[in-house]
Amino acid sequence: MREYRLRVNGTIRSIRTGSDRIVLSVLREEWRLTGAKYGCGEGQCGACTILLGSEPVPACQLTIGEVGKRELTTIEGLAGKDGLHPVQRAFAELGAFQCGFCTPAMILGTVALLRVHPHPTRAQIEGALDGHLCRCCGYSRIVRSIERAAEQLGAGPGEGR
Ligand code: FES
Ligand code: FES
């Protein structure tokens, strides 16, 4: 056991725990950041995806000891002072969810995709969605939302967020 000080959504949070404690458990149970969901617990469904630095990672497979100095971003930290992030807005405008269980992870995965590929091809979008399961099967709206977010990010001053 030791104290870990992690940067989460722009603020420093502390936790006294073992190095092998799973980050998803800390986010949800200690810090009440419940946007990242527990689905399979095996790195297969993507429901727990957060950003580690700029990389989308399954928080159910990440230990506190592996985080190091990299920032954790959860869906709770995505909106800015001006309101929803463009990816959040696109998902909401196009109704790209039903139950919403997969949505925070899908949105964070999209943010990561658009940072690397600001104008993604359909194949790149489908590749990014590969690790995300939606049990409501709303994939076509999700793909259209990603395309709309890419257009909006490319069109305005928010590019690169
Ligand atoms: S809960 Fe982490 S990938 Fe499924
Ligand atoms: S909207 Fe229900 S799991 Fe994707």
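Okay, let's start with helix H3, where Pro86, Val87, Gln88, Ala90 and Phe91 are buried; buried here means 20 or more other C-beta atoms within 10 Å of the residue's own, with C-beta atoms placed from the backbone. Quick caveat: this is a predicted model, with local features needing pLDDT of at least 70 and side-chain atom pairs counting only at pLDDT 80 or more, while totals for chains, interfaces and linings use all residues. Residues are numbered from 1 along each chain as its sequence is written, and chains are lettered from A and ligands numbered from 1 in the order in which they are written.

By the way, helices (H or I, at least four residues) and strands (E, at least two) are DSSP runs, numbered from the N terminus.

So what does H3 pack on? H3 (residues 86–93) sits against H4 (residues 103–116) at about 130°, axes 9 Å apart. That angle makes H3 oblique to H4, oblique being whatever is left after under 35 degrees (roughly parallel), over 145 (roughly antiparallel) and 65 to 115 (roughly perpendicular). On the H3 side, the contact uses Val87, Gln88 and Phe91; H4 brings Thr103, Ile107, Thr110 and Val111. Contact means C-beta atoms, placed from the backbone, within 7 Å. Just after H3, glycine 95 has a positive phi of about 60°.

Now the strands. E1 (residues 2–8) pairs with E2 (residues 11–17), antiparallel, over seven bridges; pairing takes at least two DSSP bridges. Valine 8 is opposite threonine 11 in E2. Two residues lie between the strands of this hairpin, and asparagine 9 takes a positive phi near 50°.

How values were computed. Axes fitted to C-alpha atoms, helices over the stretch in contact; angles between N-to-C directions. Contact = placed C-beta atoms within 7 Å. Buried ≥ 20, exposed ≤ 12 C-beta atoms within 10 Å, placed from the backbone.
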